[in-house]
Amino acid sequence: MMEQLVLDIHLDAPPDFSNFVIGENGALIEALNLAVQGEGHIYLWGEAASGRSHLLHAAVALSQSAGRPACYLESEAIGDSLPDTSALLIALDDVHRLPAAAQIALFNAFNRARALNQTLLLTGDRAPRELDLREDARTRIGQCLVFEVKPLDDASRAAILAMLAERRGLRLADEVIAFILRHGRRDLPSLASLIDALDHASLERKRPITLPLLRTLMQTGLAL
Amino acid sequence: MTQDIWSFCLSRLESELPPQQFNTWIKALTADCGSSSAEASLRLLAPNRFVLQWVRERYLRRIGELGEEFFGAPMQLELAIPATGATAAKANAAVASAKVVQVPVEPLGTVIVHTPAQAVSQGGASDVTYEKTRLNADFTFDTLVTGRANDLARAAAMQVAQNPGTSYNPLFIYGGVGLGKTHLVQAIGNAVYRHNPRAVIRYVHVEDYYADVVRAYQQKSFDAFKRYYRSLDMLIIDDIQFFNNKNRTQEEFFHAFNALTEAKKQIIITCDTYPKDIQGLEDRLISRFDWGLTVQIEPPELEMRVAILKKKAEVLSVDLTDDVAFLIAKNLRSNVRELEGALNKVVAFARFHGRSISLEVAKDALKDLLNAHNRQLTIEHIQKTVADYYKIKIADMHSKKRTRVIARPRQVAMWLAKDLTPMSLPAIGEAFGGRDHTTVLHACRTIADLRLADHQLNHDVHVLTQVLRG
């Protein structure tokens, strides 16, 4: 059978709060909303793929749509200074990777935040106490409102799978979702790329995604 | 009446503004219906300083116009932050507005707009002060908790505040990270400013001073730079350790220092270490720091940490029972900054879940901070940290050598092992090359005695404790 050629078009919703599955993170979402209103700095930590970057992007988007300037920055890319724009909301991802000069930049940003009306949203992979940073920068992070981004349970993961699929116009039967969660890696990036692969395969074969198709795909080398 | 006018404004603004702007800024405001009885007036409460400024700059004029439309005459419009329970306003709007009605609120940074055309800013006063001095008005002697750890430094600071330029010049305050150095020096500035608003005071962080020097280079404006810094009555310079190898900045500071001290103008300096230990600082500066008084701030002991928490809770106007304060203070030992972070966390957690602050709530809230906290310190970790600090080999911790340069660090490590781990003395002795427990006991007594006499050693012990406790 001829396979349908698939155009290389991806649609991905930009990360925002509506496509973040909240799970046990209600207080954290609320705090991020308040941070946009200048309530105080926030530090989020959690294991890899727990959704830290997603939340930062979401907060930046929220801030911008409320008219407040905001920027998303990677710790490894900031060099030796952070922007000094007034009222800016600075989302800085992965502070555990901050190079030495950038740690001073963060320290300075903390000191100037009050004068500049800036708000800092930071993320890292461990609790403030465990961060291997300059002590003066580290304790300032410890002064933020600290949240652990709670990992998702399987119910939330199932909800995410369904949501990712629906965004592509796919409908996954409950048994398919259960199968994926039983057999595959369950962190979010893996789930997202799996949905991409399924979407692609379903278009190619012009078949809906069913358990038998999933099994066939696995036999032909799709890694769950 | 208040509710009518505010509902009118809300419905109009909702249709005029993008939804996210409306939700973020306008819905954050609450109309204070308890206050005014006057016709044609509206008093709005913003949850914090940021929202207040934001609304003042962007939406206040429009709200004034809407008021005029509603009343058919100019409306008296006031925007304020409630003095207490400010942060409660957003967590639960219903509760917050009820609270606002019951508690007479005092305006913090008030803005009164009689008509949209003539905006009078009362809150502007503190902004102007800040612009001039860079002092944070919250840092005063009143809000500083005193204990054994900062008694001496505070007494010296009060002296300087009463007799600037003549008592101790410079006043050099040093201590570990997050112990309140900045608070203390700004308290001096604020006290002097309150007493004499004409005094020209400037608080500057070394990194900003450095930026000023760079700017003077770029704009070829060294004359103006020098004139400014030499015109001050009081210069407060924070975190002098950042001068590290910035030679031109050090030179400028050296000249400013000389000019100011000659003119009997006060200089106040903070640093994270004892002057002689500052890396990359010119000797001529270090020797000048000895002219005045050098005092240390030490980490606060348990009772003082509890007192600090109580004070901060009072400022946030939340009830903090002794057992909760004790729980937080016991778990966060090394600095005040993280103590404050922990308290904020507990308060936010209780508020979000609509519960009062109990021991159980505090334990739950602190999980986010303490999760990895209670890792047990191992003796190997202590030995390695101490060996690194004194630049000796770890093997020396176990060796039989008894020269001072090795024996002293070993004794420090033993003292730390006793202080920071639950291990028995024989077990500690065993871990230090099979020594007898009496050797450990002797080491602990030696260090305890020496700390009182040798403040270099005392400082080392503090730094090591802070590092090890994380």
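Q: How many residue pairs are in polar contact between chain A and chain B?
A: This is a predicted model. The pairs counted here have both residues at pLDDT 80 or more. Between chain A and chain B, the count of such residue pairs in polar contact is 15.

Q: Which elements of chain A give two or more residues to the side that touches chain B?
A: Both helices and a strand are on the list. The helices are H1 (26-36), H2 (52-65), H3 (100-116) and H4 (135-143). The strand is S5 (145-148).

Q: How do the residues on the side of chain A that touches chain B divide into nonpolar, polar and charged?
A: Polar residues number 11 on this side of chain A. The charged ones number 14. The nonpolar ones number 17.

Q: Which residue of chain B forms a salt bridge with A:Arg112?
A: Chain A and chain B have 3 salt bridges between them. In the one formed by A:Arg112, the closest N and O atoms are 2.7 Å apart. The partner is B:Asp208.

Q: Which three residues supply more than any other three of the area that chain A buries against chain B?
A: The two chains bury about 3,900 Å² between them. Carbon and sulfur atoms hold 51% of that. On the chain A side, 21% of the buried area comes from A:Gln37, A:Arg114 and A:Arg129.

Q: Is A:Thr123 buried or exposed?
A: A:Thr123 sits in strand S4 (residues 119-124) of chain A. Its contacts beyond four places in sequence include A:Tyr43, A:Leu56 and A:Val95. Its relative accessible area is 0%, and the cut-off is under 20%, so A:Thr123 is buried.

Q: Which residue's backbone nitrogen does the side chain of A:Thr123 reach?
A: The distance is 2.8 Å. The residue is also among the contacts of A:Thr123 outside its sequence neighbours. It is A:Asp94.

Q: Which two residues does a cis peptide bond join in chain B?
A: Most peptide bonds are trans. Here omega is about 0°. The joined residues are B:Asn169 and B:Pro170.

Q: Is B:Lys220 buried or exposed?
A: B:Lys220 lies in the loop between helix H10 (206-218) and helix H11 (222-230) of chain B. Its phi is near 50°, a positive value. Its relative accessibility is 75%, and the cut-off is over 50%, so B:Lys220 counts as exposed.

Definitions and conventions
Residues numbered from 1 in each chain as written. Chains lettered and ligands numbered in written order. Predicted model: local features only at pLDDT ≥ 70, side-chain atom pairs only at ≥ 80, totals over all residues. Heavy atoms only, no water. Helix = DSSP H or I, 4+ residues; strand = E, 2+ residues; numbered from the N terminus. Buried < 20%, exposed > 50% of the residue type's maximum accessible area, 1.4 Å probe, protein only. Polar contact = N/O pair within 3.5 Å; in protein donor to acceptor, adjacent residues only side chain to side chain. Contact = heavy atoms within 4.5 Å. Buried area = accessible area lost by both parts, 1.4 Å probe. Salt bridge = Lys/Arg side-chain N within 4 Å of Asp/Glu carboxyl O. Nonpolar A, V, L, I, M, F, W, Y, C, P; charged D, E, K, R; others polar.
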